[in-house]
Amino acid sequence: MDIGAQQRVIIVELEPVELPVLLFDEGNPMAESDRVGLDVIHDVEDRVAGDPM
Amino acid sequence: MEAAGPIEAVETYRQRYGHTLEIAGWDGMLAGIRRREVKVVNARRLIDEQLRVIEELNGELRRLQQAMVFAAETVVAAARQRHGEGWSPQPVMGYRLWSVRPSGLFGVRTRWESPTLVAECEKGEIEVPHSDGRCGRLGCGIYAAKSLDTLLASPLAEDMVDVAIGAVALEGKVIEHETGYRAQSASVVNLVAEYGGALLATRDKHDINLVFASPEHIKNHGSPSGRPLDHKRVDELIGAMSWT
């Protein structure tokens, strides 16, 4: 099948993303591990936003 | 005060009673001990110097490795930007068509024994599908069309009898072309398959596995084909099986 000229390479990495458990109660400040999880999510969002598929 | 040990005690008793404690070769043995103690000190000094050399070399190694990592990351990031390389945590979706024969479902070059196929290339096992042009105009990889229209307009779809058409999830290295993709790996996520007068439309993984294992599954579990499997009908059937 002719699919035309090559345009770009896309790297698909189906990384498992650990979803954070957010604890919003005052008595339950967000744990360090949760904040790490959020950073992971933000990082993924940034990368998706930069190259939405 | 008594001496700390038997050797020192000899000297103490010599001081106390004069040289009445004669031991054959005593002074020679004492001198031998002193010489060896000096040699041990010198050997330790050499070891310390070598340990310092090793520590310095390790420091230089670490600095060189850090510089190489920085240079590598910089050049790779620049290459990604220069070539517009994309990244996705989700599979790229495309469409494929297979010929359904009694022995199985066939792509242009090979039989798909299961719904997932990983690309191979004679021109090298690394970085498949190749994007440096080494494979010629029609490069290696699992091909998929960007749209059903493109797929159904291709010569592959001219004789729409006993065919299977489906959406595939492309993973790994995926090369985007104008109207399609070449992928490292493709997995079928839904399928419309016609064989022997029967039609089966499914997005059930187990069903899809069975179809690729044997097209008889289409006959046994499909419904009568009815009207011809044309462009419009494929569009309806695939469209009805939206994926997430």
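How many residues of chain B are in contact with chain A? In this predicted model, 26 residues of chain B are in contact with 19 residues of chain A. Three strands of chain B, β1 (86-88), β6 (142-145) and β7 (163-177), each supply at least two residues of the side that touches chain A. The most comes from β7(B), with eight residues. By class, this side of chain B has 10 nonpolar, 11 polar and five charged residues.

The two chains are also joined strand to strand. Strand β1 (residues 6-12) of chain A is linked to β1(B) by three bridges. The two strands run parallel. Within this pairing, B:Trp87 of β1(B) stands opposite A:Ile11.

Chain A has one helix and one strand as its secondary structure. Of its 53 residues, 6% count as buried.

In chain B, burial was examined in helix α4 (residues 205-213). Buried residues of this helix are B:Ile208, B:Val211 and B:Phe212. Viewed down the axis of α4(B), the buried residues fall within an arc of 95 degrees, so they line one face of the helix. An α-helix has 3.6 residues a turn, so residues three or four places apart point the same way.

How values were computed: Residues numbered from 1 in each chain as written. Chains lettered and ligands numbered in written order. Predicted model: local features only at pLDDT ≥ 70, side-chain atom pairs only at ≥ 80, totals over all residues. Contact = placed C-beta atoms within 7 Å. Helix = DSSP H or I, 4+ residues; strand = E, 2+ residues; numbered from the N terminus. Nonpolar A, V, L, I, M, F, W, Y, C, P; charged D, E, K, R; others polar. Pairing = 2+ DSSP bridges. Buried ≥ 20, exposed ≤ 12 C-beta atoms within 10 Å, placed from the backbone. Arc of directions from axis to C-beta.
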